[in-house]
Amino acid sequence: MNSQREQWLQEEKLAALKDWMKLYGQDVIQYAYSYVKDYHQAEDIAQDVFLKALTQYDTFRQESSPKTWLMAITANRCKDYIRSWKVKHEEINEQPIQTFSTSENVEREVIERLEKDEIWQMIQRIPLKYREVLVLFYQQERSGQEIAQILQISEASVRTRLHRARSFIKTELEKGGFTDAT
Amino acid sequence: MQHEDDDMEQKIRQTLQKAGKVPFREQLQQRILEEAERQLVNVPGLGVKKRRWFRLLPNLTAAAAVFCVIAVGAWLYTQKKPQAGPIAPSGAFSSASQGSLASTSTSSLSKDAYLLYPAPITVQHIRFGQLPGWPAGSVVFTQLTNESNRIIKKSEIFGILSFSGKSVQSRDNFLSFVNGPKEIAPHATVTWSFHPVGAPVNAAGALSEQAQLAFYWSNASDIPSNLHDSPLVWRQSSILLSNISVLNGPTLARGQAITVDAQFTNPTKQTIVTHNLLAVVWFSNMPNQGFTEYGTARFLEHLPSSIPNKLAPGASFDVQFHVIGGENTDYFSMTPHVQLVELPTQVPTPSP
């Protein structure tokens, strides 16, 4: 009886996982990429995020929005990664990875496209503290309250960071010819 | 004016949404599902980590660059061992040596707190620049003035580097121990520079946030009391440490990658909040050496966000710290220590 119940529970969890990936996978990996600037790493982080969500499935039910919760896990996971010794080494190596098997051509194309993307380059010139707010607000269209929940800061801090972030992005937009500096 | 703001707001939104889509590939989804299934049937999954380590290998050579603290003022620096940590933040755990907290050292007030007494060194003109071998803007340059009437030697002081000012209270902040210059003559000013590993940088590798630096006496009890100022208090957490193990990380071109596993337990009858804790990790040649003492390899580390924010009585959690240490230091022959401290209620003294 117990084993049947466990099986149902497992199936329920896997079904939830599939739903989360379908609904929020794109947002999670996009947000992770804004932190780590590395497609492979963003993929690994996305994997960690969903697996962690799975392990916290029971506690999650008490939460409000699954997307906000997943984005909070993503932000924390990215910050842990950035603080880890791995990033201390990987960060300075800005050379694209050179060796790909033929089966990874698609992956290579994605990496090259992202690395050449001027908007991503611009976003990644913004200091992390402001970038994370900027991406959530403008790219992911999260509200101030949701951003506060995701980053575990106050809404006042969100407003302050957003204000500074706008200055940075405005300068970048003008510098990069994305705007006529109206 | 409002109209212009709205236009700009619209422009920002439109531009950022035009950023290239980062695909969430079908293969990745499949990989996650397979891993999830494995975990649900209690089979340990290794896929991700293996993949990550494997991919990391080609990058490690260039990596080395980041790890050490570079130079010192032009006139000073002769032989520097990066071990004592101007640089790498890291983590670790501690073992035995509570004895290092003996009240004979003025660096530690009691068994419950460390008192860090500011050294009479004024830190001015912190800026980010470049030295050969490092990305532009990734090296911290500053001017240090000895405000006292005596020579201050490297062995007498240590520094704490922080970024983002007030956010020392938050997990976002970067903190690191740094060494000082070889010596500073009375009332002399020297230029001091170093490369902080792991500090917040932008895409180009340049430091991107405001830095603060303050120096403290290593053994304040040896220093005349007129050279003491109000101390920074680092209160020790009641959380106990156990099951410490030190493991080698992957081989690096420069420096050593070391992983420290530890288990923390709440031995009290009250719930302990963990979000305000920092881990001080140090390796010493003598079992009783405290982290402030010269010759120790010391690191400061935030706890990973994965740990519970509140630790119930009797509850435990495992922590893994990754340390990048100096290549000439034999960490495995040294005594490892880890102490959790509450985030200081006062930030490191900012430069004027």
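## Meeting the two chains

Chain A is built from 10 helices and 0 strands. Reading along its sequence, you pass through the pattern α-α-α-α-α-α-α-α-α-α. Please keep in mind from the start that this is a predicted model. Of the 182 residues in chain A, 41% count as buried. When you look at contacts in chain A with a separation of 6 or more, 61% of them involve residues 24 or more positions apart.

Chain B has a secondary structure of 4 helices and 18 strands. It holds 352 residues, and 43% of them are buried. Among the chain B contacts between residues at least 6 apart in sequence, 76% join residues at least 24 apart.

## How confident is the prediction for chain A?

The average pLDDT of chain A is 79, and 79% of its residues score at least 70. Which helix of chain A has the highest confidence, and which the lowest? The highest mean belongs to α8(A), at 92, while the lowest is found in helix α5 of chain A (residues 85-90), at 52.

Another stretch to look at is residues 89-104 of chain A, where the pLDDT is below 50. In the model this stretch still has 23 contacts beyond near neighbours in sequence.

## Helix α8 of chain A, an enclosed helix

Let us turn to helix α8 of chain A, which spans residues 128-139. Is this helix largely enclosed or left open by the rest of the structure? Its 12 residues are buried, 12 of 12, so the helix is largely enclosed by the rest of the structure. The buried set includes Leu128(A), Val133(A), Leu134(A), Val135(A), Leu136(A) and Phe137(A). Charged residues can be found in the set as well, among them Lys129(A), Arg131(A) and Glu132(A). Following α8(A) comes Glu141(A), which has a positive phi, near 55 degrees.

One partner of α8(A) is helix α10 of chain A (residues 155-175): the two pack at an angle of about 95 degrees, and their axes are 8 Å apart. An angle from 65 to 115 degrees counts as roughly perpendicular, so that is how α8(A) lies relative to α10(A). On the α8(A) side, the contact is made by Lys129(A), Tyr130(A), Val133(A), Leu134(A) and Phe137(A). On the α10(A) side, the residues are Val158(A), Arg161(A), Leu162(A), Arg164(A), Ala165(A), Phe168(A) and Ile169(A). Sorted by class, this contact has 9 nonpolar, no polar and 3 charged residues.

## Helices α4 and α9 of chain A

Here is another helix pair in chain A. Helix α4 (residues 66-83) and helix α9 (residues 144-151) pack with axes 8 Å apart, at an angle of about 45 degrees. These two helices are therefore oblique to each other. The crossing of α4(A) past α9(A) is right-handed.

From α4(A), the contact draws on Thr68(A), Met71(A), Ala72(A) and Ala75(A). From α9(A), the residues are Glu146(A), Gln149(A), Ile150(A) and Leu151(A). By class, the contact of α4(A) with α9(A) has 5 nonpolar, 2 polar and 1 charged.

## Where helices of the two chains meet

Now for a pair that joins chain A and chain B. The crossing of α2(A) past α2(B) is right-handed.

Chain A brings Glu43(A), Ala46(A), Gln47(A), Phe50(A), Leu51(A) and Leu54(A) to this contact. Chain B brings Leu28(B), Arg31(B), Ile32(B), Glu35(B), Ala36(B) and Gln39(B). The residues of the contact between α2(A) and α2(B) divide into 7 nonpolar, 2 polar and 3 charged.

## Two residues with positive phi

Gln152(A) is not a glycine, although its phi is positive, at about 55 degrees. You will find Gln152(A) in the loop between α9 and α10 of chain A. It is partly exposed, with 16 other C-beta atoms within 10 Å.

In chain B, have a look at His125(B), which is also a residue other than glycine and has a positive phi near 50 degrees. His125(B) sits in strand β2 of chain B (residues 121-129). Is His125(B) buried or exposed? A residue with 12 or fewer C-beta neighbours within 10 Å is exposed, and His125(B) has 12, so it counts as exposed.

How values were computed. Residues are numbered from 1 along each chain as its sequence is written. Chains are lettered from A and ligands numbered from 1 in the order in which they are written. This is a predicted model: local features need pLDDT of at least 70, side-chain atom pairs count only at pLDDT 80 or more; totals for chains, interfaces and linings use all residues. A residue is buried if 20 or more other C-beta atoms lie within 10 Å of its own, exposed if 12 or fewer, and partly exposed in between; C-beta atoms are placed from the backbone. Two residues are in contact if their C-beta atoms, placed from the backbone, lie within 7 Å. Axes are lines fitted to C-alpha atoms, for helices over the stretch in contact, and angles run from 0 to 180 degrees between N-to-C directions. Angles under 35 degrees count as roughly parallel, over 145 as roughly antiparallel, 65 to 115 as roughly perpendicular and the rest as oblique. pLDDT is the predictor's confidence in each residue, from 0 to 100. A crossing is left-handed if the near helix is turned anticlockwise from the far one by less than a right angle, and right-handed if clockwise.
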